[in-house]
Amino acid sequence: MNVLVVGGAGYIGSHCTRQIIAAGHHPVVLDNLSSGHREAVAIGTPFYHGDLGDQALVRQVLRREKIDIVMHFAAFIEVAESVAMPIRYYKNNVVKTLALLETMMEEDVRKFIFSSTAAVYGMPETMPITEGVKKAPINPYGQTKLDCENILSALAVAHGLGFAVFRYFNACGAATDGAIGEDHAPETHLIPNVIRSALGLAPVIKVFGTDYPTPDGTCLRDYIHVDDLSRAHIAAFDRIGTPGTQLHFNLGTGHPHSVMEIIGAVEKLSSKKVPVEFAPRRAGDPPELCADATCARTALGWKPLFTSIESIIETAWRWHSAHPSGYATR
Ligand SMILES: NC(=O)c1ccc[n+]([C@@H]2O[C@H](COP(=O)([O-])OP(=O)(O)OC[C@H]3O[C@@H](n4cnc5c(N)ncnc54)[C@H](O)[C@@H]3O)[C@@H](O)[C@H]2O)c1
């Protein structure tokens with residue numbers, strides 16, 4: 001398969017690109033480098049520096065590279081920023097996705113894999129979360145992803161688009177060979193921040209809320225290794241060929257960990273103390289988010305290979321220790 005990886009210079013897209021190659025397919029990356037890194041793209045992979053909303057460019061890439069499947073990772077991803085700047089988020093995440101899909105329909109490319117998020121569920125009342133749980137995002141970021149999901153369903157009906165939507169829980173970890181890892185600016189994710197704090201590269205870790213109804217009072221999240229996420233995407237290639245196919249999958253391990261457990265695991269692995277400051281709860285943080293990923297397991301024959309949080313954190317620790325400033329380019 002010739003696979004267009006939109007956002008393939010970003011954290012998850014760059015790991016997925018390497019998995020696509022490992023599975024014997026041919027990735028092509030399109031990325032505007034607004035937050036991605038050119039050196040994260042696997043060497044030898046055709047790279048187009050441009051915007052996913054640029055329909056002339058996308059058309060040219062689809063034709064020249066004879067693209068069979070489009071995987072779409074490109075988005076703005078910060079919840080707090082989406083609350084402050086919703087127009088920026090709706091434009092990049094929804095309007096440009098619509099332009100991409102329109103070009104695909106015009107060029108008769110009808111297989112699509114989309115990065116969605118647990119944020120589409122908002123503050124779910126039941127745990128673990130199955131795909132059928134009510135979608136009620138509580139911020140513009142989550143809403144942009146749900147809007148895209150709804151657009152995909154309409155295109156499946158009207159134009160025979162076959163798609164798989166993956167709702168990620170907390171993506172984390174780095175390539176096992178240490179070649180690529182997570183480098184967001186600013187970094188809002190817990191594991192890289194705790195590791196960088198242990199390394200003396202980031203400030204004290206603020207723990208928001210210690211009175212949640214969880215075993216140690218801090219929030220529980222479902223951490224899934226980025227290579228496990230990627231393998232699920234590739235397993236879906238064979239499942240979206242029938243026109244009009246609509247698939248939705250949660251991706252998580254189903255074994256959540258608390259903020260204090262993550263801090264403890266990093267301290268144990270690194271033999272370093274993580275400076276911690278306790279702060280009140282943040283608005284909009286559910287006590288627990290845990291995936292029921294039974295659908296992905298049964299329909300795709302997928303299962304996470306990184307089953308312990310220690311093994312995940314170890315890959316991230318190696319990347320951050322070897323790349324204290326992240327990638328060279330910003
Ligand atoms: N990281 C997580 O834990 C997580 C969780 C749930 C969902 N997701 C989703 O997964 C996807 C990837 O996340 P990530 O952590 O790799 O983010 P990232 O910021 O590292 O990667 C996004 C990539 O898209 C590119 N991009 C953004 N807008 C673009 C545009 N208009 N045209 C071309 N390229 C553009 C960026 O330059 C970047 O390389 C996102 O859609 C995100 O919403 C991530």
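Helix H1 gives the most to the shell around the ligand, with 3 residues, where helices (H or I, at least four residues) and strands (E, at least two) are DSSP runs numbered from the N terminus. This is a predicted model, in which local features need pLDDT of at least 70 and side-chain atom pairs count only at pLDDT 80 or more, while totals for chains, interfaces and linings use all residues. Residues are numbered from 1 along each chain as its sequence is written.

Around the ligand there are 27 residues, and those that come nearest are Gly 7, Gly 10, Gly 36, Ala 75 and Ala 171; a residue is near a molecule if its C-beta atom, placed from the backbone, lies within 6 Å of it. At least two residues of this shell come from each of helix H1 (11–22), helix H4 (86–106), strand S5 (111–117) and strand S7 (170–172). Sorted by class, the shell holds 11 nonpolar, 13 polar and 3 charged residues, with Ala, Val, Leu, Ile, Met, Phe, Trp, Tyr, Cys and Pro counted as nonpolar, Asp, Glu, Lys and Arg as charged, and the others, Gly among them, as polar.

From the ligand we turn to the whole chain. The protein chain has 10 helices and 14 strands, and its C-alpha atoms fill a box of roughly 55 × 40 × 40 Å along the principal axes. Of its 330 residues, 48% count as buried, meaning that 20 or more other C-beta atoms, placed from the backbone, lie within 10 Å of the residue's own, whereas 12 or fewer make a residue exposed and values in between make it partly exposed.

Leaving aside residues up to four places away in sequence, Leu 4 touches Val 28, Leu 30, Val 61, Leu 62, Glu 65, Ile 67, Val 70 and Met 71, a contact being two C-beta atoms, placed from the backbone, within 7 Å.
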